[in-house]
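Here's a quick briefing to read alongside the model. Have the viewer open, and click through the residues as they come up.

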Amino acid sequence: MIAPLFIKICGVTTLEDARLTLALGADTVGINLIPSSKRAVPLEDAVKIFHALDQPESVVFVVADLLGSELRILRKRVGRAWLQLHGSEAEPALQSVLPRAYKAVPIGSAADAASAALWPGERLLADAKVGSAFGGTGAVFDWDLVTALASKRSLILAGGLHADNVAQAIETVRPFGVDVASGVEVNGQPRTKDPARIERFIRAARQAAGLPPIL
């Protein structure tokens, strides 16, 4: 049994979807600030969603390749929200916004997993390595590559998860948490979440972790 299991629904673009996602039992919502992402939310709109939720620990802002000074400014604006660094940042950038921040690392080989272990911070996110993409590709990687890492770190598993494979992923990796974006969206609409798919994903993940369903 794994308890508790951290569940993050990423790529949320509206306040309505954010509230619904949390009501369905997710621990956090991810709001993407990366301009090149098809799920990107302008900073001012993202901050409005964040303040409207009034739950700072339930929001993760996803960023990529911001300067250290930009990260620190963002940290001041969003207080106790989490920051997920999803670009090619160097270690000092992450260090500047710890402890409520973590690095997302693309995994495609054992060498990638070994390098991921060197990042500081309590948490670490492992995603599928797909070219230069910043996640959200729907691609799955070899989960066996990060099982050892998950036994040592608070590993959040991402990359092509959905309701039909999340149980197997949890049983294989035994992660601290799971992260999904495309797997809970309306078909062909990356900016719109599907409540039924979110509910199925959360139910399947909690069941696999030995946790009771959300009533």
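Start with the burial: 53% of the 215 residues in the protein chain are buried. Keep in mind that this is a predicted model. The secondary structure of the chain comes to eight helices and ten strands.

**Overall build**

- For 215 residues, a compact globule would have a radius of gyration near 17 Å, and the protein chain comes in at 16 Å, so the two agree.
- Along the principal axes, the C-alpha atoms of the protein chain fill a box of roughly 40 × 40 × 30 Å.
- If you take the contacts between residues at least 6 apart in sequence, 54% of them join residues at least 24 apart.
- The protein chain exposes about 9,600 Å², with carbon and sulfur atoms supplying 54% of that area.
- On the charge side, there are 23 positive and 22 negative charges in the protein chain, and their mean positions sit 3 Å apart.

**The nonpolar cores**

- As background, nonpolar side chains in soluble globular proteins tend to be buried together.
- Here the largest nonpolar core has 60 residues, and the ones with the most contacts inside it are Ile 9, Phe 61, Val 146, Val 178 and Phe 201.
- Helix 8, spanning residues 195-208, gives the most to this core, with six residues.
- There's also a second, separate core of eight residues, which includes Val 60, Trp 82, Ala 104 and Leu 125.
- Setting aside residues up to four places away in sequence, Ile 9 touches a list of residues including Thr 28, Val 180, Ile 198 and Phe 201.

- Thr 28 belongs to strand 2, residues 28-32.
- Its relative accessible area is 1%, so Thr 28 counts as buried, the cut-off being under 20%.
- Beyond its neighbours within four places in sequence, Thr 28 is in contact with Phe 6, Ile 7, Lys 8 and Ile 9, as well as Leu 22, Glu 57, Ser 58, Val 59 and Val 60.
- Leu 155 is in strand 7, residues 154-157, and at 0% relative accessibility Leu 155 counts as buried.
- Among the contacts of Leu 155, leaving aside neighbours within four places in sequence, are Leu 124, Ala 126, Val 146, Val 173 and Phe 176.
- Leu 155 and Phe 6 are 149 residues apart along the chain, and their C-alpha atoms are separated by 9.8 Å.

**Two buried loop residues**

- Trp 119 is found in the loop between helix 5 (110-116) and strand 6 (123-128).
- With 18% relative accessibility, Trp 119 counts as buried, because the limit is under 20%.
- Not counting residues up to four places away in sequence, Trp 119 touches Glu 89, Ala 90, Glu 91, Leu 94, Lys 103, Val 105, Leu 124 and Arg 153.
- Trp 119 and Ser 69 are 50 residues apart along the chain, with 20 Å separating their C-alpha atoms.
- Ala 181 lies in the loop between strand 8 (177-180) and strand 9 (185-186), and its 14% relative accessibility counts as buried.
- Once neighbours within four places in sequence are left aside, Ala 181 is in contact with Cys 10, Arg 39 and Lys 193.

**Backbone spots to check**

- For context, most residues other than glycine have a negative phi, and most peptide bonds are trans.
- Leu 98 and Pro 99 are joined by a cis peptide bond, with omega about 15°.
- Pro 99 is in the loop between helix 4 (91-95) and strand 5 (101-107).
- Asp 54 has a positive phi, near 55°, and its place is the loop between helix 2 (43-53) and strand 3 (59-63).
- At 66% relative accessibility, Asp 54 counts as exposed, since the threshold is over 50%.
- Asp 65 also has a positive phi, near 60°, in the loop between strand 3 and helix 3 (68-78).
- With a relative accessible area of 39%, Asp 65 is partly exposed.

Conventions
Residues numbered from 1 in each chain as written. Predicted model: local features only at pLDDT ≥ 70, side-chain atom pairs only at ≥ 80, totals over all residues. Heavy atoms only, no water. Helix = DSSP H or I, 4+ residues; strand = E, 2+ residues; numbered from the N terminus. Rg over C-alpha atoms; globule rule 2.2 N^0.38 Å. Buried < 20%, exposed > 50% of the residue type's maximum accessible area, 1.4 Å probe, protein only. Contact = heavy atoms within 4.5 Å. Areas by Shrake-Rupley, 256 points an atom, 1.4 Å probe, with all protein chains shown as cover. Lys, Arg positive; Asp, Glu negative; His and termini not counted. Charge placed at Lys NZ, Arg CZ, Asp CG, Glu CD. Core = buried A, V, L, I, M, F, W, Y, C linked by side-chain atoms within 4.5 Å.
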